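These are my notebook entries on a structure that I am reading for the first time. I set down what I looked up, entry by entry.

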Amino acid sequence: MTRVEEVRAAVSEIPAGSVASYGDVGRRVGAGPRQVGRAMSLLDENVPWWRVVRADGTPPSCHGGRAAELFVAEGTPMRGARVDMARARYHWAP
């Protein structure tokens with residue numbers, strides 16, 4: 001499985017209303033956050049890209065800034081313009 005396929009699989013597991021940081025996804029697939037970011041840029045629209053945020057909860061700015069509206073639609077816990085990581089962070093089962 002390629003790195004892009006690994007990232008696709010990991011991101012696809014994140015349920016609606018939850019998020020993971022680039023570092024969280026990286027730990028899941030054995031890569032660094034920057035490698036995850038690069039792989040994310042190669043994914044198609046069918047992958048819930050908005051569910052991967054910066055460690056401080058800052059949403060991705062790509063795709064015309066649509067992440068905020070998608071968070072609202074999914075009921076993702078927010079603190080102002082950022083995701084409330086304490087409440088929304090997804091933890092994969094070991």
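**Entry on Glu74 and its partner.** I looked up Glu74 and found it partly exposed, with a relative accessible area of 21%. I use buried for under 20% relative accessible area, exposed for over 50%, and partly exposed for what lies in between (1.4 Å probe, protein chains only). Glu74 forms a salt bridge with Arg51, and their closest N and O atoms are 2.5 Å apart. A salt bridge here is a side-chain nitrogen of Lys or Arg within 4 Å of a carboxyl oxygen of Asp or Glu. The pair links distant parts of the chain, for Glu74 is in helix 4 and Arg51 is in the loop between helix 3 and strand 2, 23 residues apart. Helices (H or I, at least four residues) and strands (E, at least two) are DSSP runs, numbered from the N terminus. Arg51 counts as buried at 11% relative accessibility.

**Entry on the source.** I note that this is a predicted model, in which local features need pLDDT of at least 70 and side-chain atom pairs count only at pLDDT 80 or more, while totals for chains, interfaces and linings use all residues. Residues are numbered from 1 along each chain as its sequence is written, and side-chain values use heavy atoms, with hydrogens and water left out.

**Entry on other salt bridges.** I searched the whole structure and found 10 salt bridges. One of them joins the side chains of Arg8 and Asp44 at 3.2 Å, N to O. This pair also links distant parts of the chain: Arg8 is in helix 1, and Asp44, 36 residues apart from it, is in the loop between helix 3 and strand 2. Arg8 is partly exposed at 30%, and Asp44 is partly exposed at 33%. Asp84 forms a salt bridge with Arg79, with 3.2 Å between the closest N and O atoms. Asp84 is buried at 4%, whereas Arg79 is exposed at 62%. I also recorded a network of salt bridges that links Asp24, Arg27 and Arg89.

**Entry on helices 1 and 2.** At what angle do helix 1 and helix 2 pack? I found an angle of about 120° between helix 1 (residues 3-13) and helix 2 (residues 22-29), with their axes 10 Å apart. The axes are lines fitted to C-alpha atoms over the stretch in contact, and angles run from 0 to 180 degrees between N-to-C directions. On the side of helix 1, Arg3, Glu6, Val7, Ala10, Val11 and Glu13 meet Val25, Arg28 and Val29 of helix 2; contact means heavy atoms within 4.5 Å. In helix 2, I listed Gly23, Asp24, Val25, Gly26 and Val29 as buried. The buried residues of helix 2 pack against helix 1, strand 1 (20-21), helix 3 and strand 2. Just after helix 2, Gly30 takes a positive phi of about 75°.

**Entry on the core.** The largest nonpolar core has 25 residues, of which Val7, Val11, Val19, Val25, Met40, Phe71 and Val83 touch the most other members. Such a core is a set of buried Ala, Val, Leu, Ile, Met, Phe, Trp, Tyr and Cys residues joined through side-chain atoms within 4.5 Å. Leaving out residues up to four places away in sequence, I found that Val19 touches residues including Ile14, Arg51, Phe71, Val83 and Tyr90.

**Entry on Gly64.** Gly64 lies in the loop between strand 2 and helix 4 and is exposed at 78%. From Gly64 to Trp92 I read 29 Å in space, C-alpha to C-alpha, and 28 residues in sequence.
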